[in-house]
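Have the model open next to you and let's take a walk through it.

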Amino acid sequence: MTSLPTPQAGRKKLGLVIDLDTCVGCHACAVNCKEWNTGGHPGPLPDYDPYGAKPDGVWFNRIHTYEAGEGAAGRTVHFPRSCLHCDEPACVTVCPTGASYKRAEDGIVLVNPDLCIGCKLCSWACPYGAREFDEDEGVMKKCTLCIDRIYNETIPEAQRVPACVATCPAHARHFGDLGDPTSEVSDLVRSRGGYDLMPEMGYRPVNKYLPPRKHACSAPALPEPVANGTGVGERLLAWLDRALSA
Amino acid sequence: MTPALSVILFTTASGAGYGLLALLGLLAPFGLVPAAPWFGIASLVLALALVSAGLLASTLHLGHPERAWRAVSQWRSSWLAREGFSAVLTYLPALGFGATWFLARRVDPAAAALGALAAAGAVVTIFCTSMIYASLRPVRQWRNAYVTPSFFLLAGFSGALWLATLARAFHAAATLPTTLSSGLALLFGLAALAAKILYWRAIDRTPGASTAETATGLGHLGRVRALEAPHTEENYLMREMGFRIARKHARRLRALSVLVGFAAPLLLTIAALVLPALPALIAALAASLLALTGIFVERWLFFAEATHTVVLYYGRAA
């Protein structure tokens with residue numbers, strides 16, 4: 001059913017909090033996501049021409065790198081992009097067949113590949129580019145928040161987090177219940193000023209991004225070369241400085 | 001957005017078909033169509049053929065065309081499902097309208113009622129088609145106040161041109177004056193042209209609400225520039241939603257669609273009003289075919305000029 005579940009206060013909203021301050025842009029999340037999911041619930045994830053001139057395929061995680069700001073105040077920011085499991089996911093409501101749905105019990109947005117007709121309208125409706133079409137199967141694919149890991153009782157409890165979160169070497173990805181104000185992820189969002197991507201679209205993403213911390217550029221300035229010292233060494237250095245600057 | 005040939009064919013053909021069906025259904029109750037059923041049969045066959053060809057074409061871009069029947073189930077939330085649902089339902093009164101007209105050899109009250117229902121179905125279907133696009137927030141050139149009026153006026157224009165052509169072919173002037181059918185085509189054509197010009201002005205002048213800064217949320221640091229892309233080759237997102245058309249080509253194609261789709265059919269329609277019977281019929285037919293060609297170009301541009309917010313992540317404007 002592509003109508004959305006009726007919102008209720010305190011309902012579980014599983015999602016990710018992504019820390020743009022600590023992300024190092026290593027793409028490990030993307031790779032582990034691809035590895036897990038190609039053998040998991042939405043798999044296989046196709047690769048077209050993998051060893052050829054134009055390799056391409058379906059990935060649920062895409063890691064961009066941006067420069068923000070100018071000069072000394074400018075920053076390089078690595079930016080992982082994946083499904084935000086929105087509260088108002090138009091990708092779900094536009095689906096004509098009921099293949100796309102948002103689960104009432106935890107808010108995860110999924111595609112039923114047996115109902116999908118491959119019209120691609122959901123990918124047009126997503127402002128974030130979270131959905132990628134599987135040309136081999138003729139159906140739409142997307143992040144499942146590793147539904148086959150987080151509820152998987154056959155793997156150790158510590159591993160019951162999405163593959164991207166499990167693998168991140170910088171601990172830049174956090175998984176939890178964003179509908180619970182007392183959860184660790186909600187704490188992070190509050191304390192670090194977590195924010196929504198493109199809030200003007202009105203999709204109300206569940207996933208939040210933590211902004212890069214403000215670093216005062218606190219490295220001490222290099223000392224000026226000594227020009228007018230009185231000691232022999234300082235005079236020698238001053239002479240060297242003049243000779244080399246000439 | 002990458003122009004999808006099957007969807008362009010669908011919206012162009014079904015627009016003309018539903019336009020013709022709606023006009024027939026609306027004129028019949030007022031006694032403005034000939035009682036002899038051949039005009040009615042030919043018109044309804046043409047209308048439903050255009051609609052059916054369009055609907056079939058639209059299934060060609062699906063990953064699973066054999067599952068297309070599933071696409072009517074979610075009418076409560078999806079404009080695409082509503083479109084499919086109302087397209088299928090409209091066949092019932094349209095076929096009933098033709099059958100009663102043919103059997104009674106006149107438009108009796110039953111045929112008139114079915115005609116009005118078929119017209120309502122056609123109008124609802126065109127509305128749903130336009131809303132598939134007009135409801136998509138990530139594409140500013142589609143979520144635009146001129147989109148729905150344009151779909152209606154272009155359907156009315158191409159439908160009225162075919163109505164005028166058929167009226168001439170079946171010598172229906174006694175009940176459906178050529179000034180009425182051609183007049184409708186002229187009115188719809190001028191209104192549609194005005195809507196398209198206003199649409200083009202609007203998309204040229206209104207920037208999108210979303211930027212690279214809002215897409216990344218990094219605007220507080222300053223201007224955001226893409227430094228490195230996640231992948232070296234084009235992926236699905238770029239192929240489907242990253243279509244780029246050179247501005248100069250867009251301008252030329254706009255001019256072409258105005259000339260072929262509007263100016264030529266409008267002039268031919270006026271010429272048909274003063275020409276003798278056979279040349280007038282040829283002019284009317286040429287006007288109908290040229291308008292379909294011009295609307296095809298217009299619909300191609302409707303896709304090609306549309307930008308999707310996902311390209312913001314790749315350092316492009318949307």
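Leu145(A) is buried: 28 other C-beta atoms sit within 10 Å of its own. The cut-offs go like this: 20 or more other C-beta atoms within 10 Å makes a residue buried, 12 or fewer makes it exposed, and anything in between is partly exposed, with C-beta atoms placed from the backbone. To find Leu145(A), go to the loop between strand E9 (139-141) and helix H4 (147-150) of chain A. Helices (H or I, at least four residues) and strands (E, at least two) are DSSP runs, numbered from the N terminus.

Before going on, a word on what you're looking at. This is a predicted model, in which local features need pLDDT of at least 70 and side-chain atom pairs count only at pLDDT 80 or more, while totals for chains, interfaces and linings use all residues. Residues are numbered from 1 along each chain as its sequence is written, and chains are lettered from A and ligands numbered from 1 in the order in which they are written.

Now hop over to chain B. Arg105(B) also has a positive phi, about 55°, although it is not a glycine. Is this one buried or exposed? Arg105(B) is exposed, with 11 other C-beta atoms within 10 Å. Its loop runs between helix H3 (79-104) and helix H4 (109-134) of chain B.

Back in chain A, there's one more backbone feature to check. The peptide bond from Gly43(A) to Pro44(A) is cis, with omega near -5°. Pro44(A) belongs to the loop between helix H1 (28-38) and strand E2 (47-48) of chain A.

So where do the chains meet? On the chain A side, 53 residues are in contact with 44 residues of chain B (contact means C-beta atoms, placed from the backbone, within 7 Å). Several elements of chain A each supply at least two residues to that side, among them strand E5 (75-81) and helix H3 (121-125). The largest share, 7 residues, comes from E4(A).

E4(A) also pairs with strand E1 (residues 224-228) of chain B, in the antiparallel sense over 4 bridges (pairing takes at least two DSSP bridges between the strands). Within that pairing, Ala68(A) has Val224(B) in E1(B) as its bridge partner.

How does the model score? It gets ipTM 0.94 and pTM 0.92. Chain B has a mean pLDDT of 95, with 100% of its residues at 70 or more; pLDDT is the predictor's confidence in each residue, from 0 to 100.

Key. Two residues are in contact if their C-beta atoms, placed from the backbone, lie within 7 Å.
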